[in-house]
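Here's a quick briefing to read alongside the model on your screen. Have the structure open and click along as you go.

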Amino acid sequence: MIQIKNPTELKAMMKAGELAAQALALAGKHAVPGISTWELDKIVDEYIRSKGGHSPCKGYGGFPGHNCFSINEELIHGIPSKKKILKEGDILSCDIVAELNGFNGDNTATFAVGEVSEEAKRIMQYTKEALFKGIEKAVAGNRVGDISHAIESHVRSGGYFPAEKFIGHGIGRDMHEDPEVPNEGKAGHGPRLMSGMTIAVEPMVNSHSQKVRIMNDKWTVVTTDGSLSCHFEHTIAITNGEPIILTLESH
């Protein structure tokens, strides 16, 4: 069931989104050669706790980390580890969720670690652009498929592929709510967008094909051919006018 948020709930979601965005920016600042993803996870979790929130990914379905840190061919759900040390030229997707006063903010960005290849810069550019192409369609009266089609069209225009199986979602008091928000689909299809809906729009993009597989740790999703992948995400609110991006560092 799709949850429609009232103005008070939207204000609370904006606060949670703001905290998530600040934590994501902190992760990006510390994403430098020589740091481990375990250290990044600790830095982010401590920051979120210092602001009165917590990281709901910890223990979710048994996930062992507080946040997801995915390197290069790792698309999503990378488990923080002392053994995963960032190096020059890596790209790192940081998926950060913060819960504050009963509401969740969810956002992701892929960061360059030092100087990266032109290939890496290009997939990051197209994925981030696809996020905003999708958000542009997130207006009351449109359908979820309008978001999906906008994302897919832009991703494929760059010669890239929306990753199979994994999608965006509704969000609010729960980290994952209805509706599902796919990264490919037909315009004019899917649930109608209504003012007060809050969703996480998150293009997940592969370089060479849609195919992915889950590693033996049962969490980390990687491209099947070892090619680069990329992930950007914002939590947004649907209104009768322009969509509101909730995951901004300040409002």
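What follows covers the pockets, the sheets, and a few local details.

This is a predicted model, so to speak of local features a pLDDT of at least 70 is needed, side-chain atom pairs count only at pLDDT 80 or more, and totals for chains, interfaces and linings use all residues. Residues are numbered from 1 along each chain as its sequence is written, and side-chain values use heavy atoms, with hydrogens and water left out. Helices (H or I, at least four residues) and strands (E, at least two) are DSSP runs, numbered from the N terminus.

**Largest pocket**

- The largest pocket holds about 420 Å³ of space.
- A pocket here is an open set of points on a 1 Å grid over the protein atoms alone, where a 1.4 Å probe fits and protein lies on both sides within 12 Å along at least five of seven lines; lining residues have an atom within 4 Å of a point.
- Grid points are joined across faces, edges and corners, and the volume is the space filled by probe spheres set on the points.
- There are 23 lining residues, and Tyr-60, His-77, His-169, His-176 and Glu-202 are the closest to the centre of the largest pocket.
- Strand 3 (91-100), strand 6 (168-170) and strand 7 (177-181) are the elements that each give two or more residues to this lining.
- Strand 7 supplies the largest share, three residues.
- By class, the lining of the largest pocket has eleven nonpolar, five polar and seven charged residues.
- For those classes, Ala, Val, Leu, Ile, Met, Phe, Trp, Tyr, Cys and Pro count as nonpolar, Asp, Glu, Lys and Arg as charged, and the others, Gly among them, as polar.

**Second largest pocket**

- The second largest pocket comes in at about 200 Å³.
- Its lining has 16 residues, with Leu-24, Thr-108, Ala-109, Lys-128 and His-234 the closest to the centre.
- Helix 1 (7-30), strand 4 (103-112) and helix 3 (118-136) are the elements giving two or more residues to the lining of the second largest pocket.
- Strand 4 makes the largest contribution here, four residues.

- Three strands make an open, antiparallel sheet in the order 1-3-4; two strands pair if DSSP finds at least two bridges between them.
- Strand 1 (68-71) and strand 4 are the edge strands, each pairing on one side only.
- Neighbouring strands in this sheet are turned by 10° against each other on average, direction ignored.
- Angles run from 0 to 180 degrees between N-to-C directions, using axes fitted as lines to C-alpha atoms, for helices over the stretch in contact.
- Four bridges link strand 1 and strand 3 in the antiparallel sense, and Ser-70 has Ser-93 in strand 3 as its bridge partner.
- Helix 1 lies across strand 1, strand 3 and strand 4, and runs at about 25° to strand 4; contact means heavy atoms within 4.5 Å.

**Sheet 2-11-10**

- Another open sheet of three strands has the order 2-11-10, again with antiparallel pairing.
- Strand 2 and strand 10 (212-214) are its edge strands, and each pairs on one side only.
- The twist in this sheet averages 40° from one strand to the next.
- Strand 10 and strand 11 (residues 221-223) pair antiparallel over three bridges, and Arg-213 stands opposite Val-222 in strand 11.

**The strand 6 and strand 7 hairpin**

- Strand 6 and strand 7 run antiparallel and are joined by three bridges, with a hairpin of six residues connecting them.
- Gly-168 has Val-181 in strand 7 as its bridge partner.
- Pro-179 is found in strand 7, and a cis peptide bond with omega of about 0° joins Asp-178 and Pro-179.

- Eleven salt bridges turn up across the whole structure, each being a side-chain nitrogen of Lys or Arg within 4 Å of a carboxyl oxygen of Asp or Glu.
- Lys-84 lies in the loop between strand 2 (74-76) and strand 3 while Glu-74 is in strand 2, so the pair ties together parts that are ten residues apart in sequence.
- Asn-72 sits in the loop between strand 1 and strand 2, and its phi is near 55°, a positive value in a residue other than glycine.
- Most residues other than glycine have a negative phi, and most peptide bonds are trans.
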